[in-house]
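Reader: Hi! Could you walk me through this one while I have it open on my screen?
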Amino acid sequence: PAHLLAQPIPAVAPIEAPPPPPPPPAADALILPEGWEQKLSPEGEVYYVDHKNKSTSWDPPPGSVQGTGYVNARPS
């Protein structure tokens, strides 16, 4: 039937892919406890966000560990 062909096809919203995972931290980066994130202020200063308690700090959280500087290094 011609009347069915004249109807516009409804638009379908595109399916959005999930965002890519964050890049791995640099080998010598500070490793933060779960729920913490390191960010930069508009002035370029490093601060830390505690997503669990919804707070921020200029100091690294307790339990932070400095990276070793080696990624997948074999012990000598």
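Reader: Great, thanks. Which residue of β3 does Q38 stand opposite?
Author: Q38 stands opposite Y48 in β3. Bear in mind that this is a predicted model, where local features need pLDDT of at least 70, side-chain atom pairs count only at pLDDT 80 or more, and totals for chains, interfaces and linings use all residues. Residues are numbered from 1 along each chain as its sequence is written, and side-chain values use heavy atoms, with hydrogens and water left out.

Reader: And what is the bridge partner of Y48 in β4?
Author: That is S57.

Reader: How many bridges hold those strand pairs?
Author: β2 and β3 pair over 5 bridges in the antiparallel sense, and 3 bridges join β3 to β4, also antiparallel. Two strands count as paired if DSSP finds at least two bridges between them. The strands themselves are DSSP runs (E, at least two residues), and helices are runs of H or I with at least four, numbered from the N terminus.

Reader: So what is the strand order in the sheet?
Author: The order is β2-β3-β4, an open sheet of 3 strands with antiparallel pairing. β2 (36-40) and β4 (55-57) each have a single partner strand, so one side of each is left without a neighbour in the sheet. On average, neighbouring strands are turned by 30° against each other, direction ignored.

Reader: Changing topic: is D50 buried or exposed?
Author: D50, in strand β3 (residues 46-50), is buried, meaning under 20% relative accessible area with a 1.4 Å probe, protein chains only. D50 has no salt bridge, and K52, the nearest side chain of opposite charge, is 6.9 Å away. A salt bridge would need a side-chain nitrogen of Lys or Arg within 4 Å of a carboxyl oxygen of Asp or Glu.

Reader: Which side chain does D50 make a polar contact with, then?
Author: The side chain of N53, at 2.8 Å. A polar contact is a pair of N or O atoms within 3.5 Å, one able to donate a hydrogen and the other to accept it.

Reader: And what is D50 in contact with beyond its sequence neighbours?
Author: Leaving aside neighbours within four places in sequence, D50 is in contact (heavy atoms within 4.5 Å) with G35, W36 and S55.

Reader: Last one: how much of the chain is buried?
Author: Of its 76 residues, 8% count as buried.

Methods: Buried means under 20% relative accessible area, exposed over 50%, partly exposed in between (1.4 Å probe, protein chains only). Lys and Arg count as positive and Asp and Glu as negative; His and the chain ends are not counted. Axes are lines fitted to C-alpha atoms, for helices over the stretch in contact, and angles run from 0 to 180 degrees between N-to-C directions.
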